[in-house]
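Hi,

Here is the structure I promised to pass on to you. Have a look at it first, and then read on for what I found in it.

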Amino acid sequence: MGFLSIIKSRVKRHKSNIINFVIFLILILGSIIIMLPFLWMFSTSWRLPITSFDLPPQWIPTEPRISNYREVFETIPFFLNVSNSLKVGGLITLGQLLTCSMAAFAFAKLRFPGRNFLFILLLASLMVPLQVIIIPIFILMRMLGLLNTHSSLIFPAVVSAFGIFLLRQFFLTIPDELVDAAKIDGASYFTIYWRVILPLAKPALSVLALFTFNFYWNEFFRPLILLKSYDKMTIPLALVQLSGFYSTGSVSIIMAGVSLAIVPVLIIFLFTQKYLIEGIALTGLKG
Amino acid sequence: MKKHMSEQRKKEIMAAYLFLLPTLIGYAIFIAGPTIAAFTLSLCKWDVLTPPNFTGLSNFRRLLHDARFLIVLKNTLIFTAGAVGLEIIIGLIIALMINRGAPGILRYFFRTTYFFPVIVSLASVSIVWQFLLNTDFGPINYYLGKLGFDRIPWLSSSRWALLSVIGLFAWKNLGFYMILFLAALQSVPRQLYEAAEIDGASSWQKFWGITLSLITPTLFFAIVIGLIGAFQLFDAPYIMTEGGPGDATRTLVMYIYLNGFRFLKMGYAVSSSMVLLAIILICTIFQFGVGRKWVFYQ
């Protein structure tokens, strides 16, 4: 190699090192912008309520106090709100896992007249936004006397075209020979579904469970319309109430409430993010 | 033998419909029924208290002359264009940067950090940002002041409010698109780049010729998902500005909510939701129709 080309490749490598370093700096700056609001929320939640609006913000509170958190529990029935969210999110997730896996099994592994038609009909429902059907659902729930109950949130959400689609895609990758072998052994369709397909589908089922639970844990629009009383509210609604009570009084108490809602999500997220991220990547590449 | 076979077929068909039963019942009651009801209601005048009145297309005619509806539609379009553009472009840039530069543990750190806001509720972050963006006692204006800038009325002026909501939405969602693009970038075969290097392609040529053209399916999917999500915006402006100042941040869905659940104009609210349905239908047809032709599939 000639002298000149050595210098050239050195310069090139040097240049790419500088670019990598600049990229690194931008990425660090970006992650600071992403995380600072959460940091501000958490540190403000420990400030003295009377001075909580004072500037500059205290990133490390000088006199941290837990009383703001106590105040949250005294203002809204926070434990009840958490258990409401757990109940609504949990039951919807369980329901979806069951109905979606059953339907996906039929669509992926059984032959029956009307299969394509029904599948397209289901997929078409993905295009109907919630806001179009929310008024008829509100009226239906009113007629059934179910307004301000958790059932009004749970039942309409148990069917999910997205869930069926996601699971069907996964079930299609399970070889038909497994199903046929079980059939020859005299297994019923239910046994095949329960003993053969479901155990193999655990990764897909956990992705669907995480998506669904997260979505309904965070949901705001339907609870706002269907729930009225404080003791029925899910966490996002309760936080907005709390924010309404204290918006001119103390930001630190509001931030204590929001922190109580976000910190558990952060902890669960650190353990499950691998599945969430893989799930999104999978749906993206399939889409 | 033949009879036995057909018996088995019958059993399979029976089983299939039994497995589909919960879904079909739920679908009929909570999706198909309400959709048909919505179409019917959009042709009626109804205040919930008295029986509905069939008024034909008059709701839709009124929408066309409803100045407020047109403002709301304009807000929604501006918001959607801004938010989807930002979250996808920034998400793609961050994915490209992580994919190029970051080694193992850093890659994990960045991915986790940028993705975190995606899983937090929009309601929670709207509450936090409402205070961060406060004109008088918000930390953002405080630090801008330190840098010598004037206070910006982020949420209290009609000039800034919609932009602030766009910013919040992009901040929250860009991590989702980053994950989509990272997965797509990793599926691009390395040999293509090596072949291009042998042919003497510049980095820019490699980006346009290989990277971008191979991730177009994902890019397209991301745009459609983004459009559908952004058109349904409600939580953030409802919490941060209540649609204000004036109607500056009122979105289509907020208008549906306002008409339906505040003014009890159910028929009118449903007919404006039909406009949302039409928009989403167009986006989807766009994906299935035009998209297939534009997009390069492997």
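How many residues does the contact take from chain A, and how many from chain B? The contact takes 66 residues from chain A and 72 residues from chain B. On the side of chain A that touches chain B, the elements giving two or more residues include α1 (3-44), α3 (78-109), α10 (202-218) and α13 (251-286) of chain A. Of these, α13(A) gives the largest share, with 14 residues. Sorted by class, that side of chain A has 53 nonpolar, 12 polar and 1 charged residues.

Before going further, please keep in mind that this is a predicted model. The predictor gives the complex an ipTM of 0.87 and a pTM of 0.89. For chain B, the mean pLDDT is 87, and 95% of the residues reach 70 or more.

Chain A

Chain A has 13 helices and 0 strands, so you can read its pattern along the sequence as α-α-α-α-α-α-α-α-α-α-α-α-α. A compact globule of 287 residues would have a radius of gyration near 19 Å, whereas chain A has 26 Å. Along the principal axes, its C-alpha atoms fill a box of roughly 85 × 70 × 35 Å.

Of the 287 residues in chain A, 42% are buried. If you take the contacts in chain A between residues at least 6 apart in sequence, 76% of them join residues at least 24 apart.

Chain B

Chain B has 14 helices and 2 strands. Its radius of gyration is 25 Å, well over the 19 Å that the globule rule gives for 298 residues, so chain B is more spread out than a compact globule. The box filled by the C-alpha atoms of chain B is roughly 80 × 70 × 30 Å along the principal axes. Here the domain assignment gives domain 1 (2-41) and domain 2 (60-294), with 37 Å between the C-alpha centres of the two domains of chain B.

Buried residues account for 43% of the 298 residues in chain B. Among the contacts in chain B with a separation of 6 or more, 67% come from residues 24 or more positions apart.

A few places to look at in chain B

Start with B:Ser273, which sits in helix α13 (residues 266-288) of chain B. Is B:Ser273 buried or exposed? B:Ser273 counts as buried because 28 other C-beta atoms lie within 10 Å, and the cut-off for buried is 20 or more. Leaving out residues up to four places away in sequence, B:Ser273 touches A:Gln131, A:Val132, B:Ala38 and B:Ile256, so its contacts include residues of chain A as well as chain B. For a sense of distance, B:Ser273 and B:Met178 are 95 residues apart in sequence and 31 Å apart in space, C-alpha to C-alpha.

Next, two loop residues have a backbone angle worth checking on your screen. B:Glu242 has a positive phi of about 50° although it is not a glycine. You will find B:Glu242 in the loop between α11 (235-240) and α12 (252-262) of chain B. B:Glu242 is exposed, with 12 other C-beta atoms within 10 Å; the cut-off for exposed is 12 or fewer.

The other is B:Leu264, in the loop between α12 and α13 of chain B. B:Leu264 is not a glycine either, yet it has a positive phi of about 55°. With 13 other C-beta atoms within 10 Å, B:Leu264 is partly exposed.

Finally, which helix of chain B is hardly covered? That is helix α8 (residues 190-198) of chain B, where the count of buried residues among its 9 residues is 0. Just after α8(B) comes B:Gly200, which takes a positive phi of about 80°.

Best wishes

Definitions and conventions. Residues are numbered from 1 along each chain as its sequence is written. Chains are lettered from A and ligands numbered from 1 in the order in which they are written. This is a predicted model: local features need pLDDT of at least 70, side-chain atom pairs count only at pLDDT 80 or more; totals for chains, interfaces and linings use all residues. Domain bounds come from an automatic or database domain assignment. Two residues are in contact if their C-beta atoms, placed from the backbone, lie within 7 Å. Helices (H or I, at least four residues) and strands (E, at least two) are DSSP runs, numbered from the N terminus. Ala, Val, Leu, Ile, Met, Phe, Trp, Tyr, Cys and Pro count as nonpolar, Asp, Glu, Lys and Arg as charged, and the others, Gly among them, as polar. The radius of gyration is taken over C-alpha atoms; the globule rule is 2.2 Å times the number of residues to the power 0.38. pLDDT is the predictor's confidence in each residue, from 0 to 100.
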